[in-house]
Amino acid sequence: MLWKLLMRSQPCWLCSFRKMLSAPKYRPLLASFTYTTDNPSNKENKKTVEKLYKLSVDIRKIRRLKGWVLLEDETYVDEITNILQQLGADETAVASILERCPEAIICSPSAVNTQRELWQSVCKNEQELVKLIEQFPESFFAVKDQENQKLNIQFFQELGLRNVVISRFLTTASNIFHNPIEKNKQMIEILQESYLNLGGSETNMKAWLLKLLSQNPFILLNSSVAINETLEFFEEQGFTNFEILQLLSKLKGFLFQLCPRSIQNSMSFSKNAFKCTGHDLKQLVLKCPALLYYSVPVLEERIQGLLKEGISIAQIRETPMILELTPQIVQYRIKKLNSLGYRIKDGHLADLSGTKKEFEANFGKIQAKKGRPLFNPVAPLNVEG
C-alpha cells in the first residue's frame, strides 16, 4: 500500500501504468480523413502526423492527451522507430509505445541510443529491454542526466544489487538515477552508519542494506537531516536502538519518509483510543507499525468501522494488525465468515486479518473444520452378528 502511495507522488513520466492500447485493426483509405474528423490544429506538423499515421498510431489519442507534440517543428519519428525496430519491437509495439509516450519523437536519436546502451547494461537481452520500454515508455524516454544515470548504475552494481533490481529501479524509481552520485553515496553511508549505531552487526549490514534498497529505493531521495530527526524522535519517545531498528526493517525504510509531527499525532490518538500507557503503546506500535503511518482520520474511521461490527477495543488491542485493513475489506471478510456460522466478535481477530492469501487459507481451514463429520470415519464399527 505504501509503495502505491509513493508511486502516485512521483512525476507523471515516472509512473505511467495505463494499459497498452493495441494498434487499430484497419485504417481509413486516406490519411487526410483523420484531419477532418479529429479536429486537428492548423499548426500541426503534417509530416509528423502522416508518419505516425503510417505506423498505425492513434492520432486522436495523441491529440486528446498530448497534442502539443504534434505542433513541434522538429521531430524524429523515423529515427525513433528505427531504434525500436532494431531492438526487435514489432509494428504493434512501436505504435503502442508512441501512443503512450508521443514525446519520444522529439527526443534526440543520439540521446535515445545512449539510453538504450544504459538500459541494456542491466537487461539480459534486447527482448527484455523492448518489454520494459513497452511497459514504461515514459521512463525510458526521459533522456536526461545520462552521465548521472551511468555512474549510478555502476554504483548500484558495485554495491551488489542485482541487475533485475536495478532495471526495476529504472522503470519505477528513475528519480534516484538523476541524483548526483555523490548524493546517493552519502545516503548509503548514512544508512550504514545508522544501522551500526542502532546495534546492527557489520556482518549483516550489506544484506540488510541491499534488502532495504530493493524494497524501497526512494529512501535515497531523503536528506540526512530528515533521517537524524526521525531517529531522535523515536529515541525521545523511549524506543531502544533495537526497537528502532525493528521498526526501520518492518517499515522497509519508509520510517524516514514520515513526518515526526504526523507520527506524534497518530501515536497520541492511538494512546487515547486504546486507553493505554506509554509502554503499552510502544508494544502496540512494534506489533503494528501501521499505527505510525496512518493519519488520525484513517485510524478513527477504521476503529469506528470495527466497533460497528461488534468488535471490542480489547480485541483490537490484542490484534492491532486488523487496522491495516480497510472497512470494506473487513465487512467482506466478516460476511464471508458469517456464512459459516462463525461469529468474529466471539472469536479471534487473527482469523480476520492478514493478506488476502492468508485470509483465504485460514477461511479454508475453518470451512474444512465446519464440514468435518462428528464421527471418526476410520474407526471400526461394532456390528452385532
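Mentor: Helix α20, residues 296-308, has 13 residues and reaches 18 Å from its first C-alpha to its last, close to the 18 Å expected at 1.5 Å a residue. Please keep in mind that this is a predicted model.

Trainee: Which residues of α20 are buried?

Mentor: Leu 299, Arg 302, Ile 303 and Leu 306 are buried in α20. They lie on the same side of α20, because the arc they cover around the axis is only 95 degrees.

Trainee: What covers the buried residues of α20?

Mentor: The cover includes α17 (260-274), α19 (290-293), α21 (313-318) and α22 (327-338).

Trainee: And which exposed residues does the face turned away from the buried side carry?

Mentor: That face of α20 carries Pro 297 and Lys 308, both exposed. Just after α20, Gly 310 takes a positive phi of about 90 degrees.

Trainee: Back to Arg 302. Which ring does Arg 302 lie over?

Mentor: Arg 302 lies over the face of Tyr 294, at 4.5 Å from the ring centre. Lys 282 likewise lies over a ring face, that of Phe 239, at 5.7 Å from the ring centre.

Trainee: Where does Lys 282 lie, in terms of helices?

Mentor: Lys 282 belongs to helix α18, residues 278-287.

Trainee: Is Lys 282 buried or exposed?

Mentor: Lys 282 has a relative accessible area of 12%, so it counts as buried. Leaving aside neighbours within four places in sequence, Lys 282 is in contact with Gln 237, Gly 238, Phe 239 and Glu 243.

Trainee: Changing topic: how many aromatic pairs does a search of the whole structure find?

Mentor: The search finds 10 aromatic pairs. One of them joins Phe 233 and Phe 234, which is edge-to-face, at 5.3 Å centre to centre and with 80 degrees between the planes.

Trainee: Are Phe 233 and Phe 234 buried or exposed?

Mentor: Phe 233 counts as buried because its relative accessibility is 8%. Phe 234 is buried as well, with a relative accessible area of 0%.

Trainee: Which residues form the aromatic cluster?

Mentor: Phe 155, Phe 156, Phe 169 and Phe 177 form one aromatic cluster.

Trainee: Now the core. Which residues have the most contacts inside the largest nonpolar core?

Mentor: Phe 141 and Leu 292 have the most contacts inside that core, which has 108 residues.

Trainee: What does Phe 141 touch?

Mentor: Not counting residues up to four places away in sequence, Phe 141 touches Ile 80, Leu 84, Ile 97, Cys 101, Ala 104, Cys 107, Val 112 and Ile 133.

Terms used
Residues are numbered from 1 along each chain as its sequence is written. This is a predicted model: local features need pLDDT of at least 70, side-chain atom pairs count only at pLDDT 80 or more; totals for chains, interfaces and linings use all residues. Side-chain values use heavy atoms; hydrogens and water are left out. Rings of Phe, Tyr and Trp (its six-membered ring) pair if their centres lie within 6.5 Å; planes under 30 degrees apart count as stacked, over 60 as edge-to-face and the rest as tilted. Buried means under 20% relative accessible area, exposed over 50%, partly exposed in between (1.4 Å probe, protein chains only). A charge sits over a ring if NZ of Lys or CZ of Arg is within 6 Å of the ring centre and within 35 degrees of the ring normal. Helices (H or I, at least four residues) and strands (E, at least two) are DSSP runs, numbered from the N terminus. The expected span of a helix is 1.5 Å times one less than its number of residues. The arc is that of the directions from the helix axis to the C-beta atoms. Contact means heavy atoms within 4.5 Å. A nonpolar core is a set of buried Ala, Val, Leu, Ile, Met, Phe, Trp, Tyr and Cys residues joined through side-chain atoms within 4.5 Å.
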